[in-house]
Amino acid sequence: MTDLQTFQPVLLEAVGVEQGHSLESYRSRGGYAPLEKLLAEKQPPEVVEMVKSSGLRGRGGAGFMTGLKWTFLPKDHPGPIYLCVNADESEPGTFNNRILMEDDPHQILEGTIISAYATRASTAYIYLRYEYPQSWKSLQAAIDEAYAAGYLGQNIKGSGFSLDIYLHRGAAAYICGEETGLIESLEGKRAWPRIKPPFPAIEGAFRKPTVVNNIETMACVAQIARRGVDWFRSIGVPADPNNPRDPGSYGPKLYCLSGHVEKPGCYEAPLGITARELIDGFGGGVWKGLRAKAVIPGGISMGLLSEAELDTPLDFAGPGKAGCLGLGTAAVVVIDETVSIVDFLHNSCRFFAHESCGQCTPCREGTSWSLRMLERIRAGKGRLKDLELLAEIGNTMGMMPGSTICGLADGAAWPIKNAIAKFRDEFEEYIKQSNPTGYMETDPVPALPILSAH
Amino acid sequence: MPTVIVDGQEIEIGADERLNCIEAARRAGVEIPHYCWHPGLSVVASCRMCLIQAGSRNAETGEVSMIPKLVPGCQTPVKDGTVIVTDSDLVRDSRARVEEALLIDHPIDCPICDKAGECLLQDYHFEHGQSERRADIHAFTSRRRDVGPTVTLFVDRCIMCTRCVRFTREVSGTAELMVSARGAKEEIDTFPGFPLENKLAGNVVDLCPVGALGDKDFLYQQRVWFLKKSANVCGGCSAGCSIVTEHNQDTVYRLKPRENPHVNKWWICDEGRYGWHHLHDPSRLVEAGRREADGFTAIEWADVVTQLRDDLKAAGRLAVAVSPQLTVEEAWMLCAVARSIDPEAFLAVGHVPTIGDDESFPGGFTIRGEKVPNRIGVETVLGLFGAVAEDGTVPGWNELLEQAQKDDVKAAWVTAGYPTPDGSWCDEQTAAAFDGLDCLVVQDLFDSPLSARAHWRLPAAGFAERAGTWVNCGHHAQSFEQAIRPPAGVWPEGRLFWNMLGRQGLYDPSGVRQQIAENSAAFAALAGDLPATGVDLRLQQLAPN
């Protein structure tokens, strides 16, 4: 475990630097030299081995081993292989990719070029979320600079390796962040996630082998190339020797701290920092001297940590032990004690009902039904029975029970499950107070007209 | 042979068969409910109704290991040792929940829905759903909008299986339909200015598992539980698609495709689908008539049988047009009748109307330009009677017209039965070729310039009113049953020929078919009971005797 006092940010080193996003500044900080060295000295399998041995896990949310994902590509594939970089950062509370793209785009490009070299991809697509116009400008400017400097295009720096990067701007849908939804959208279709198998590594964009990686993962690849595998493995949480399926959580991580804290922001810390350390150490504590009621550990879809669980380490294994879905995007949102958890859940359900792509029945109808139930509860017509229904929806919707194609439903289910399990008393109190005559009702009540959902 | 275990029951599948769990379970007699999956479309696994538990049995140890979560049966292929469990509590609960979810936004307006009675949502809810509605939500109203000239959409009944969308993308290749909006608000829609207008559009109504897509031609015409179904073959073109004729009290209400992997898979074209209205056209000929000085005089069929033979015999040399609308059996009997009247009778295939070229679609479906169902069958029959020209071809309509104008030909018998109420299949100029004859017999559905010249005007039967065998453009022979009775006063052609041959009892098409099969190599494949999907005449000929 790295000492927080001595930890130096590397992913965010360009933040605050004058013209830090320029090629010149990036080079002056040691950028692109590792790429040139690597192109000259290493073969693609060695680069894959380097990333594999670093223990880098995908920063997009699922935390899959990046190097391992690359090895799933077919060997000696005769046709093109594509690299998609997922910049559709739409998980509520998350903005670390945006910081990277706006302040240090060349770090991402270097990582992308190295990753493309390792996976033998000669075309890379950066799928950018529509709502990031500034990132679009800075990334496109960086791509133009890189082409001009010979880091992109044909025969990069005489290595014989060629790469084109296309910046593709999405049309603002949460589901485009799901890797196969992203691929469908990239192909110009409706972003309905594909059924797997085949996985994208076998058949992805344009029916060709495809790797999809997150922006922050690309930045980590660039840093591994620059600082080495040993440096990367010296940061974070080593693998649990008692759990053979835990590959450990190595490297620095960008935590997006927002909500009711004194100093919200994007902070770089070693994986494994606890939520309390992050809130108190970086965020200056909960605002206005209040206490936290709950904390979202990594984007709204990961569920909730209660105040008592704030010492949970925010690594890939930690939040799961506290009943959350996982680390997710490490977007920590603090909810202070004045907030009604009913309102929180209503907001969460509204988001997922709006963003459900509508392909699988359980998610399409489950997200919409849970929203309407919460609207009824908030309208003073709640029943205790509704909590059972909500919990049932939460427990049966998602990839994990097998009832949906992609993980959006799991993300919708976890806040419901966690909120009801961890704050059941508050829900019951709310329902009893707001509906004193009918809270015990179990017969179907007359239907309310549909309130405005979105 | 690979073995699959379905609910504890072991079944064997073919060594190179690629089946999914739904298909494999069906072999074991287990129905896995499904909405979005259709064998003719791509797999999307989105309705989640077919969720089951699956696993595999180790061939050596016999140990069964199950996948820890539910899997969609449509997307899960089976192989040797695959274990499928469809009757566990987990699966039952999951089906009940999907049914419940699908009904949350469904208007449940079954009493006014045309699909009621053949609706998968009803059937599955009855079998797998739960009795109590837990969602206290106002269902949407029954919004309706047209998606094309023939198809209408009841928006809120839709369960978003997207079968119709995939059909227009994968089979018709026209891609008019799409999904708009997102989540529970999504709807099937067309792109502005591009309505659902293609020659296969009607199939989306058959594909729709619920009452969302309605065929305007059938809408509110009949409750489906009153309909009786007869296995027929479409007579619209030489493709010979297998169809089901749905009828009640001798009235046809709609035609639907009947699955036939050799011919039309699961589809039919709209031309065929709506090509039954002529059957109930008020201008149909329904009376056998013999020309007298002041027009046609009605004549009893029993008298037609005797007097027609006498008239033709008295006239002399006979030329016969054997219509490609006739079945093989009818054509064979007609030839036999003709030769019994005049052993030298000239036999030719009747008029073969052709409109344009064959039209193929991306899904493999083809609409043929030749708009008759049985040209090849009739030609083969004529071959049996030696009616073959020196160059080996079978004479056709043009040869018949030449014959009719010859001096020694005194009589002609033209069987027609074309579904053109305006009689436009034969124009004045063509009909004039028959002017000099002593006896002209015309058997047709409608009046035409030709029937105006006839000495005998006999009504014909429509495609659903006859039984027999048709041979399509690919030499594929299909036998079909009679769906409805012809209008009062009409004898199907087969009945007339049967009686003119002096045979006893009721006309027996399958008996005639057996007789033809026994006496000719070309039709040997027609012997015995035919499968519902028909037989290929050429393949059977290659088999050793």
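Me: What makes the crossing in which α8(B) passes α13(B) left-handed or right-handed?

Reply: In this predicted model, local features need pLDDT of at least 70, side-chain atom pairs count only at pLDDT 80 or more, and totals for chains, interfaces and linings use all residues. Residues are numbered from 1 along each chain as its sequence is written, while chains are lettered from A in the order in which they are written. A crossing is left-handed if the near helix is turned anticlockwise from the far one by less than a right angle, and right-handed if clockwise; α8(B) passes α13(B) in the left-handed sense. The angle is about 35°, with the axes 9 Å apart, where axes are lines fitted to C-alpha atoms over the stretch in contact and angles run from 0 to 180 degrees between N-to-C directions.

Me: How do you know which residues of α8(B) meet α13(B)?

Reply: Two residues are in contact if their C-beta atoms, placed from the backbone, lie within 7 Å. By that criterion B:Glu329, B:Glu330, B:Met333, B:Leu334 and B:Val337 in α8(B) meet B:Glu493, B:Gly494, B:Phe497, B:Trp498 and B:Met500 in α13(B). The residues of this contact divide into six nonpolar, one polar and three charged.

Me: What makes β7(B) and β8(B) a pair?

Reply: Two strands pair if DSSP finds at least two bridges between them, and three bridges join β7(B) to β8(B), residues 151–154, in the antiparallel sense. Within this pair, B:Arg145 stands opposite B:Leu153.

Me: Why are β7 and β11 of chain B said to stand at the edges?

Reply: The open sheet has the order β7-β8-β11 in chain B; β7 (144–146) and β11 (213–215) each have a single partner strand, so one side of each is left without a neighbour in the sheet. Neighbouring strands of this sheet are turned by 30° against each other on average, direction ignored.

Me: What do β9(B) and β10(B) form?

Reply: They form a hairpin with six residues between them, and B:Ala181 in the turn has a positive phi of about 60°. β9(B) and β10(B) pair in the antiparallel sense over four bridges, with B:Leu177 opposite B:Thr190.

Me: Which residues have the most contacts inside the largest nonpolar core?

Reply: A nonpolar core is a set of buried Ala, Val, Leu, Ile, Met, Phe, Trp, Tyr and Cys residues joined through C-beta atoms within 7 Å, buried meaning that 20 or more other C-beta atoms lie within 10 Å of a residue's own. The largest such core has 299 residues, and those with the most contacts inside it include A:Val332 and B:Val320. Its largest share, nine residues, comes from α8(B).

Terms used: Helix = DSSP H or I, 4+ residues; strand = E, 2+ residues; numbered from the N terminus. Nonpolar A, V, L, I, M, F, W, Y, C, P; charged D, E, K, R; others polar. Buried ≥ 20, exposed ≤ 12 C-beta atoms within 10 Å, placed from the backbone.
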